[in-house]
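Subject: Structure handover

Hello,

Here is the structure I promised to pass on. Please open it beside this note and follow along.

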Amino acid sequence: MKTSTGQTVRLEDYRPTDYAIDTVNLDFRLDPTETRVAATLAVEPREDTAEGTPLELVGDGLTFVTASVDGSTLAEDAFDATPDAFILKSPPAAPFRLTIETRINPEGNSALMGLFRSSGTYCTQCEPEGFRRITYFLDRPDVLSVYTTRLEGPKDQVPVLLSNGNPIEEGELDGGRHYVVWHDPFRKPSYLFAAVAGDLAHISDTFVTASGRTVDLRIYVEKGKETRCDWAMDSLKRSMRWDEVRFGREYDLDIFMIVAVSDFNMGAMENKGLNIFNDKYILADPATATDVDYAGIESVIAHEYFHNWTGDRITCRDWFQLCLKEGLTVFRDQEFTSDERSRPVKRISDVRTLKAHQFPEDAGPLAHPVRPQTYREINNFYTATVYEKGAEVVRMLATRLGEDGFRAGMDLYFERHDGDAATIEDFIACFADATGTDLDAMLLWYAQAGTPTVTANGSWDGANHTYTLTLSQSVPATPGQPDKQPMPMPIRFGLVGPNGDDMAYDRVEGARVEGDVLMLEEAEQTVVFHGIGAQPVPSLLRGFSAPVRLRSNETSEDRLFLLAHDSDPFNRWEAAQRIAMDLLQAGTRAVRAEGDVITDPDFLRGLATIAEDASLEPAYRALALQLPAESDVFREIGEDVDPAAIAVARRTIKAAVGQALAGTLERLYGELADEGAYSPDPEATGRRALRNLALDYLVSAGADGAEARAVAHFETARNMTDRLAALSTLAMHRLPSAEAAFETYADLFAGDALAMDKWLSLQAMIPEEDNLDRVRKLMDHPAFSFSNPNRIRALIGAYATGNPVSFHRTDGDGYRFIAGVVMELDPKNPQVAARMLAAFRSWRSLEAGRRTLAKAELQRVADRPGLSTDTSDIVTRMLD
Ligand code: TRP
Ligand code: ZN
């Protein structure tokens, strides 16, 4: 394992390799602890490479066996081989074949990068730098090669042998062994290589592409789990069709395979033709998966499938360009979900995620641009900023250029860069060229970290019939970036007239406006609308058209008016959130001053109107009725934060909402009951979401019989969505019946790891300071395992990020516990350890007492000898 020697890598230092690798032949002889890998690389010096320039291949913990060039074994002095490098001192001038044999230990691979075992199945994870744990290589995304892979092992243990591309040969060998050879005709970087070997079951289906080719589809899982793959297969077929219709992109191989494994560091991986998934994003049936799980599976399947074009066919020149594939592919999967389900509901949930994860990252010590300029450990840059803010930047392009302009730019990108390792500049140039737009300033969105604040002040001049909007923007200082420039941002807007309709205007000065999109490009712009005969209420940033914080001189009447009338569903939701946020912040101040927490009757009436409006889809109503989370309030307060006070204020206001809306909620609870068979469709999902929210509010309100009803809801539930919602309501309200329900649940689902993850998570989140004891005890429960990332995230991750009351205990024990876990985990799985540490990312925003305690724990981690680069990088930046 590498320790904290990670050197800083800089974008400006990029240069191509001295050698190209045209083809790669891999031969695996699988063995649990001594897998032998023979790699034959067809190496070629690049045009301007000086003769004899050493070839330096990188490795990571490899055991070197032997090497040859063009068939002759190399003399000892012709090369250097260490676990981390293989250097061929003076390579031939002409193209040559370099064969290197290494030995690796999949069983001992607890980092889950490279070749490892998950429940006995051999599988790989190579992005970003895992291939070097399999063989010595130019392990970087701009080295594109054609791969042929031979896998060999005992047939009884590894009957299934898979790799990228198409199978071209297979055969039986002596001693019960067999082999399969796979060939992938598409050039790819090493990070997209994959191999899987095991005793797996599969389901299969076919897909006929737009041009009439039939593609074999397969999903491989552990035996016995194949009954839970239908939704994943259905999602895959819908994704394939959607990419043809929306982006004109067809699948390109004869077979597309997905393998689900239970030990996996992240969600899933887009290896060419052989996606590997965390089984959490494949397995679903109504009894064990919630509606949220079904939606998650659909979107991760889509995301990985869409990478086939945005990631695999066109990849990244270097890891600084990670957002080129990730931001774009997130945008594409968001659009898929919007088209398949409800666009407003999807937009609201995406913005919630962005604000919950990316905004705090951007406001804290780990802030970095969408395209970072330096890194020590690239694994730490698979972040909300690269993924979610990266998607927002693509969305701004789409908003600005319109549907046709955006599609023209994408078409040009696919045409111009198919087969390339490209950059962000390449990407932006396609949109500029396809539409004749100067988009140079858009690059600032990739270069500048920090969430911009946009300030809007409007005033109506009744005498001149003008409405003047003064807009200004500023981007805050972030680590390493004290000064910022203004950035171009599309502001979708409407001027809402007294009757609730958008008002027309004669002309506008001071900004480029196209349709309902106004471009804010300067630090400050004064925009004047002429022909406005009545006082409007401006609705700005409709659909959250730019990833910014909006401040304005709107009054609470304006907000209530927008909540009732805005034609943009996003901004109706946003109006409710802003009112609630003000109440929550005032309530938090009141709690700290030992005063009363107040709710606003007008706000409660506004919410009641939404709840009762049957013309609004239930999923939307469920979102609009939810108060901002405690973590949202934490973020908005931003400094001197007391998480315990936030929790008290929110609980009080939530109870008030439940009481005020009790009649409506009772009615909804009754009306939305569903006796039919379970279906994960958006309509049924929305009804369950609203009904379960009603149940939860009624319990908050302390309504008569509410606890008994929640217990009954739990016991009679016919699907996991309802069962888990009831259990969550019981647990989060710390009701006595929760304990028995947890026991019942454990009896029902013992042995089902994914279902038990929910059980672990809910218990971890019980909002009591002392809950840390429960978490500690659960670490000894058979459902928990310290070597499986899903289990760690379910119990410890949920505690660190989902239980502010206990994690932020005033005695610092929550911090101490997480720091201890990070240090214990770091030598085993640095990637997951480093991610866990991100729970501290807002530590500087805490009130002084907690801040001191948190800092001491971070320091304790920083002082730990032998820390991995992953954890060392995070903790160093956090303390800087
Ligand atoms: N590229 C993957 C995706 O976004 C994610 C990924 C990156 C990953 N590194 C990983 C997954 C390591 C698992 C392990 O789709
Ligand atoms: Zn991705």
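Below are my notes on the ligand, the strands, the aromatic rings and a few backbone details.

Please keep in mind that this is a predicted model.

**Ligand 1**

Start with the ligand. Which residues come nearest to ligand 1? They are Glu127, Glu270, Glu304, Glu326 and Tyr387, out of 15 residues around it. Glu127 makes a polar contact through its side chain: an N or O atom there is 2.5 Å from a nitrogen atom of ligand 1. His303 also uses its side chain, with an N or O atom 3.4 Å from an oxygen atom of the ligand. Ala268 contributes from the backbone instead, where an N or O atom lies 3.5 Å from a ligand oxygen atom.

How much of ligand 1 does the protein cover? On its own, the ligand has 360 Å² of accessible area, and the protein covers 97% of that.

**The loop between E11 and E12**

Glu127 comes up again here. A cis peptide bond joins Glu127 to Pro128, with omega at about -5°. Most peptide bonds are trans. Pro128 lies in the loop between E11 and E12.

Now look at the aromatic rings. The whole structure holds 41 aromatic pairs. One of them is Phe131 with Tyr147, an edge-to-face pair. The ring centres are 6.1 Å apart and the planes make an angle of 80°. This pair links distant parts of the chain. Phe131 is in the loop between strand E11 (121-125) and strand E12 (145-154), while Tyr147 is in E12 itself, 16 residues apart.

Are these two residues buried or exposed? Phe131 is buried, at 0% relative accessible area. Tyr147 is buried too, at 1%.

Tyr147 has another partner, Phe137. That pair is tilted: 6.5 Å centre to centre, with 45° between the planes. Phe137 lies in the loop between E11 and E12 and Tyr147 in strand E12, so the pair ties together parts that are ten residues apart in sequence. Phe137 is buried as well, with a relative accessible area of 0%.

**Strands around E2**

Tyr147 also has a place in the strand pairing. It is the bridge partner of Val24. The strands concerned, E2 and E12, pair in the parallel sense over seven bridges.

E2 (residues 19-29) also pairs with E3 (residues 35-45). What is the sense of that pairing, parallel or antiparallel? It is antiparallel, over nine bridges. Within it, Leu26 has Ala39 of E3 as its bridge partner. A hairpin of five residues joins E2 to E3.

**Strands around E5**

Strand E5 (residues 63-69) runs antiparallel to strand E9 (residues 96-104), and six bridges join them. Val69 stands opposite Leu98 in E9. E5 is also antiparallel to strand E6 (residues 72-73), here with two bridges. In that pairing, Ser68 stands opposite Thr73 in E6.

The hairpin of E5 and E6 has two residues between the strands. Asp70 is in the loop there. Most residues other than glycine have a negative phi. Asp70 is partly exposed, with 48% relative accessible area.

Ser119 is also worth a look. Its phi is positive too, near 45°. Ser119 lies in the loop between strand E10 (114-118) and E11.

**Other aromatic features**

Seven residues form one aromatic cluster: Trp242, Phe247, Tyr251, Phe256, Tyr305, Phe306 and Phe336.

Two arginines lie over rings. The charged end of Arg709 sits over the ring of Tyr669, 4.6 Å from the ring centre. Arg723 lies over the face of Phe714, at 5.7 Å from the centre of that ring.

**Where to look first**

I would open the view on Tyr147. It pairs with the rings of Phe131 and Phe137, and it is the bridge partner of Val24. Then go to Glu127, which is among the residues nearest to ligand 1 and is joined to Pro128 by the cis peptide bond.

Best wishes

Terms used
Residues numbered from 1 in each chain as written. Chains lettered and ligands numbered in written order. Predicted model: local features only at pLDDT ≥ 70, side-chain atom pairs only at ≥ 80, totals over all residues. Heavy atoms only, no water. Phe/Tyr/Trp six-rings, centres within 6.5 Å; stacked < 30°, edge-to-face > 60°. Helix = DSSP H or I, 4+ residues; strand = E, 2+ residues; numbered from the N terminus. Buried < 20%, exposed > 50% of the residue type's maximum accessible area, 1.4 Å probe, protein only. Lys NZ or Arg CZ within 6 Å of the ring centre and 35° of its normal. Pairing = 2+ DSSP bridges. Near = heavy atom within 4 Å. Polar contact = N/O pair within 3.5 Å; in protein donor to acceptor, adjacent residues only side chain to side chain. Areas by Shrake-Rupley, 256 points an atom, 1.4 Å probe, with all protein chains shown as cover.
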